[in-house]
Amino acid sequence: MILTASYGEGHNQAAGALRQQFVRQGVRSVQVLDLLAEAHPFLNSAIKYVYLKSSMLSTTGLDYYGWSYYATRNMTSENRLIKPVFSLGARKLKELISTERPDAIISTFPHLDVSEICRYVGAVVPTFTVLTDFALHNRWILSKNDKFYVATDELRDKMIEQGIPADQVKTSGIPIRHSFYETQNIEEIRRKYDLNPNMRTTLVLAGAYGVMQFTERIVRKLAAIPGNQVVVVCGKNERLKTNLTASLQGEPRIKLLGYVENMHELMAVADCAVTKAGGITLSEAIQMNMPPLIFKPFPGQERENAKYLAGKGAAIVSNDFERFTLQATALLSDPEQMRRMKQRLAELASDRASECIVTDVLHTIRSKMTLQH
């Protein structure tokens, strides 16, 4: 059983990547559950609304989510918020554990103390947590698990400093879909998307949680850089695609796309990408060795993710349009800077995180079953 949440797409994508890998390794029954949506659908919708609105208002200073993230980042189990927050979905999870009798429970979102729920219903079930960011928020480690899986050795060290036993924290990387590890036919992809093979390609990921309010200005600036073409992915944001089609119609260096299933193809041909700083998206960029240009990262985990990669020399972060323009132009005009960033990204790449996690989870399950018998 994999527990996830729909605040952004990252937790769901991580859960989907793990499910895909379990199936590849012969596990026939994998249940992915958006716990709060199942347990409290109206409350879940309200939280999603606040999350989205907060992200949209982050540039104005009216950012509830960012404020709450930093206010609770170092929270401990004694915090008064713990009990009400960590009880959400508990009744539903107790029912599911009793009826479904899972062999393991994996969390890609820090809902509640799953191991405590298991003990409450008398179930001996190993529990695991997969952190989907490059920065630590203490909410992830308030549950007692058999194992935590993290993106980097630095994050592992921070968790050990917080009192998590070293043998319970494994550096795995963040799970992404299997397609991001496959070899791509670059020429074929360029033909598929009608891209000029003699030009650099910049990818702009401008969906619902992307860089919406600055998208047109960003795209025009990027397309004006000599030798550069731009592919804009609007995702499921039909309004954005309609508006951009109307304003950018006839621009030969700009390709506008809606929802794209095969994002790995576009990342394979892109020289760099303008993107948000979600843990999954950045992990995909790292695996595809595609330098990310992060524009106005949202306060909270995205800002912390951006700071981590920028500190490693593996991303460029801009908080105003003028600086973004200068940094993007410099990167796309300087092959040596591009080479250095790609080298830093290669140093951060993990070896098939989903496979590492799933193999370790299955080993733990089998070990516990052997002990019980």
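**View 1. Tyr-69 is buried in this predicted model, at 6% relative accessibility.** Buried stands for under 20% relative accessible area, exposed for over 50%, and partly exposed for values in between (1.4 Å probe, protein chains only). Tyr-70 is partly exposed, at 32% relative accessibility. The model is predicted, so local features need pLDDT of at least 70 and side-chain atom pairs count only at pLDDT 80 or more, while totals for chains, interfaces and linings use all residues. Residues are numbered from 1 along each chain as its sequence is written, and side-chain values use heavy atoms, with hydrogens and water left out.

**View 2. The structure contains six aromatic pairs.** One of them joins Tyr-69 and Tyr-70 edge-to-face, 5.0 Å centre to centre with 80 degrees between the planes. Rings of Phe, Tyr and Trp (its six-membered ring) pair if their centres lie within 6.5 Å; planes under 30 degrees apart are stacked, over 60 edge-to-face, and the rest tilted.

**View 3. Phe-128 and Tyr-149 form a stacked pair, 6.2 Å centre to centre and 25 degrees between the planes.** Phe-128 belongs to strand 4 (residues 127-130) and Tyr-149 to strand 5 (residues 147-150), so the pair ties together parts 21 residues apart in sequence. Strands are DSSP runs (E, at least two residues), numbered from the N terminus. Phe-128 is buried at 0% relative accessibility, and Tyr-149 is buried at 0% as well.

**View 4. Phe-214, Phe-295 and Phe-324 are linked by ring pairs into a cluster.**

**View 5. The charged end of Arg-217 sits over the ring of Phe-321, 3.9 Å from its centre.** Lys-94 lies over the face of Tyr-120, at 3.9 Å from the ring centre. A charge sits over a ring if NZ of Lys or CZ of Arg is within 6 Å of the ring centre and within 35 degrees of the ring normal.

Technical notes. Helices (H or I, at least four residues) and strands (E, at least two) are DSSP runs, numbered from the N terminus.
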